[in-house]
Amino acid sequence: CKILRCNSEYVAATLQLRGPGRGAAFCTALRSYSLCTRRTARTCRGDLAFHSAVHGIEDLMIQHNCSREGPTAPPRPRPQAPNAHGFEPLDVCDYERSFLYKHGRPPGFQHCAAFGDPHIRTFHHDFHTCRVEGSWPLLDNDYLFVQATSSPVAKGSNATVTSKLTIIFKNMKECIDQKVYQAELDNVPAAFQDGSVNGGSRPGGGSLAIRERSPGRHVEIRARYIGTTIAVRQAGRQLSFSIRAAEEVARAFTEEQDLQLCVGGCPRSQRLSRSPRGRGRVPAERARALCREMLPVEDVYFQSCVFDVVTSGDANFTMAAHGALEDARLFLPDAEKLHIFQ
């Protein structure tokens, strides 16, 4: 029985009626109310609310001299019903709002970064310094593939830096075409490989977009359809990568996709100590003084900065660590986990 719907439509139609000219509109609303009750008569025959409404309409029509014949208002369009938590259903290409609608709470997020030597901060707050020369996957899941290509920081050095980043946003039927972003040293474009700056011509194409933060040095890619933001930077002669990903997205992979530096960190055979032995290109105390100017807290970002400056002799590595810390400040859901001490 849908008599409550008839009641609510009548109340909505008459709520704003005021003044001497309300009569015709009021009669129209009553006729619409009567028509609605007749349509529900078969299913509402034994419902007291139904019979009460029918008698009430009769009385009101007599009181206001409303004729039974005349115009009726078209049925009001029914809004989409809110879910159990009271949130309106929303665009499938807006991950955060859709998640809120489905679950009644905002999604959780995870952060990963690769910068400098490279140093990897994993989704689980592990921190590794890696040798990893060649190409290695940072991420490989149902939505994203991110590959970092590393080369030696200096001739004869065990330390390496990221010289190329490839990011593939996988085809998502409702929202975006597959898009590929590629950055290399001295070429950090504010566009995808095909020259576009969004997810394509699909209705949700705008849910993937690139924004240039600093020309040729820093871009931000927002993938709203998967609740993910990526920052790519160049500082000195290295590239860095930072991501804030929805937990559901970060975990969307199979056992076969087991090699992901953002998930498991560097393989043990590829890890380096952040206390380089032997002679560096810059004295350790000088490196510490340079890093302290940019990184006053002596956490792993500071330690990584010192390692990179000593190993490479390039003071620009202070900017790499500082940029990674700033991204973490923006991307980490829990500010208390910003600094890691080892």
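**Helix α2 and its contacts**

Guide: The model is predicted. In it, helix α2 (residues 22-39) and helix α4 (residues 48-63) have axes that come within 10 Å and cross at roughly 150 degrees. Two packed helices are described by the angle between their axes and the distance between the axes. An angle over 145 degrees counts as roughly antiparallel, and α2 and α4 are therefore roughly antiparallel to each other. Their crossing is left-handed.

Next, the residues that meet. From α2 come Leu30, Arg31, Tyr33, Ser34 and Thr37, and from α4 come Phe50, Ala53, Val54, Ile57, Leu60 and Met61. Sorted by class, this contact of α2 with α4 has eight nonpolar, two polar and one charged residues.

The structure holds seven aromatic pairs. One of them joins Tyr10 and Phe26. A pair of aromatic rings is described by the distance of the centres and the angle of the planes. For Tyr10 and Phe26 these are 6.4 Å centre to centre and 70 degrees between the planes, an edge-to-face pair. Tyr10 lies in helix α1 (residues 3-14) and Phe26 in helix α2, so the pair ties together parts that are 16 residues apart in sequence. Tyr10 and Phe26 are both buried.

Tyr33 brings the two topics together. In α2, Tyr33 is among the residues that meet α4, and Tyr33 also forms one aromatic cluster with Tyr10 and Phe26.

Methods. Residues are numbered from 1 along each chain as its sequence is written. This is a predicted model: local features need pLDDT of at least 70, side-chain atom pairs count only at pLDDT 80 or more; totals for chains, interfaces and linings use all residues. Side-chain values use heavy atoms; hydrogens and water are left out. Axes are lines fitted to C-alpha atoms, for helices over the stretch in contact, and angles run from 0 to 180 degrees between N-to-C directions. Helices (H or I, at least four residues) and strands (E, at least two) are DSSP runs, numbered from the N terminus. Angles under 35 degrees count as roughly parallel, over 145 as roughly antiparallel, 65 to 115 as roughly perpendicular and the rest as oblique. A crossing is left-handed if the near helix is turned anticlockwise from the far one by less than a right angle, and right-handed if clockwise. Contact means heavy atoms within 4.5 Å. Ala, Val, Leu, Ile, Met, Phe, Trp, Tyr, Cys and Pro count as nonpolar, Asp, Glu, Lys and Arg as charged, and the others, Gly among them, as polar. Rings of Phe, Tyr and Trp (its six-membered ring) pair if their centres lie within 6.5 Å; planes under 30 degrees apart count as stacked, over 60 as edge-to-face and the rest as tilted. Buried means under 20% relative accessible area, exposed over 50%, partly exposed in between (1.4 Å probe, protein chains only).
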